[in-house]
Amino acid sequence: MRARCPSTVPRSRQLAQCAHELRSAPTWSERLLWERLSGSQLGVGFRRQLVIGRYIVDFAAPAVRLVVEVDGGSHRERQRADARRDRALAGLGWRVLRIPAELVESDIDAAVARVAEAVDGG
């Protein structure tokens, strides 16, 4: 279960606190992917649980304006909300790559290959 974010503080501070909590409690699939994205292993630096606008993204590579979201089972019911979020991030100049958590957990090399392709502009 993911950390719940407090709602009694200003929105910007709330997002920062929530991002901090999420960094402290990654999902299994986020942990697996981070092992392969950290330390600029793909040629660019990634940050975890970064606040962009009014959203917290799983991973972001600021140098290439790429967001990587790991979608678990809950995202099946959130497709419309996720699409709105992706459009909002695109409006801020970011590309969004969504990777199923199942792929990360079953074939990490394929998941990393998707990220690498996106980093290269694909």
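Visitor: How many bridges join strand 1 to strand 2, and how do these strands run?

Guide: Strands of a sheet pair through backbone hydrogen bonds, either parallel or antiparallel. Here, five bridges join strand 1 to strand 2 (residues 55-61), and the two run antiparallel. Phe 59 in strand 2 is the bridge partner of Arg 48. Pairing requires at least two DSSP bridges between two strands. Strands (E, at least two residues) and helices (H or I, at least four) are DSSP runs, numbered from the N terminus.

Visitor: What should I know about the model and its numbering?

Guide: The model is predicted: local features need pLDDT of at least 70 and side-chain atom pairs count only at pLDDT 80 or more, while totals for chains, interfaces and linings use all residues. Residues are numbered from 1 along each chain as its sequence is written, and side-chain values use heavy atoms, leaving out hydrogens and water.

Visitor: In what order do the four strands form the sheet?

Guide: The order is 1-2-3-4, in an open sheet with mixed pairing. Strand 1 (47-52) and strand 4 (95-100) are the edges, each pairing on one side only. Neighbouring strands are turned by 45 degrees against each other on average, direction ignored. Three bridges join strand 2 to strand 3 in the antiparallel sense. There, Val 68 is the bridge partner of Phe 59. Strand 3 and strand 4 pair in the parallel sense over six bridges, with Val 67 opposite Val 96.

Visitor: Which residues cover the two faces of strand 3?

Guide: Read burial from relative accessible area: buried is under 20%, exposed over 50%, partly exposed in between (1.4 Å probe, protein chains only). Leu 66, Val 68 and Val 70 are buried on one side, and Val 67, Glu 69 and Asp 71 on the other. Six of the six residues are buried, so strand 3 is largely enclosed by the rest of the structure. Across the protein chain, buried residues make up 37% of the 122 residues.

Visitor: Where is Arg 65, with its positive phi?

Guide: Arg 65 sits in the turn of the hairpin formed by strand 2 and strand 3, which has four residues between the strands. Its phi is about 50 degrees, although Arg 65 is not a glycine. At 35% relative accessibility, Arg 65 is partly exposed. Gln 49 also has a positive phi, near 45 degrees, but lies in strand 1. Gln 49 is buried, at 3% relative accessible area.

Visitor: Which strands does helix 3 touch?

Guide: Contact means heavy atoms within 4.5 Å. Helix 3 (residues 79-91) packs on the sheet and touches strand 1, strand 2, strand 3 and strand 4. Its direction makes about 60 degrees with that of strand 2. Helix 2 (residues 28-37) lies across strand 1, strand 2 and strand 3 (66-71), at about 35 degrees to strand 2. Axes are lines fitted to C-alpha atoms, for helices over the stretch in contact; angles run from 0 to 180 degrees between N-to-C directions.

Visitor: At what angle do the axes of helix 2 and helix 5 cross?

Guide: Roughly 60 degrees, and the axes of helix 2 and helix 5 (residues 108-119) come within 10 Å. Under 35 degrees is roughly parallel, over 145 roughly antiparallel, 65 to 115 roughly perpendicular, and the rest oblique. Helix 2 and helix 5 are therefore oblique. Leu 32, Leu 33, Arg 36 and Leu 37 in helix 2 meet Ile 108, Asp 109, Val 112 and Val 115 in helix 5.
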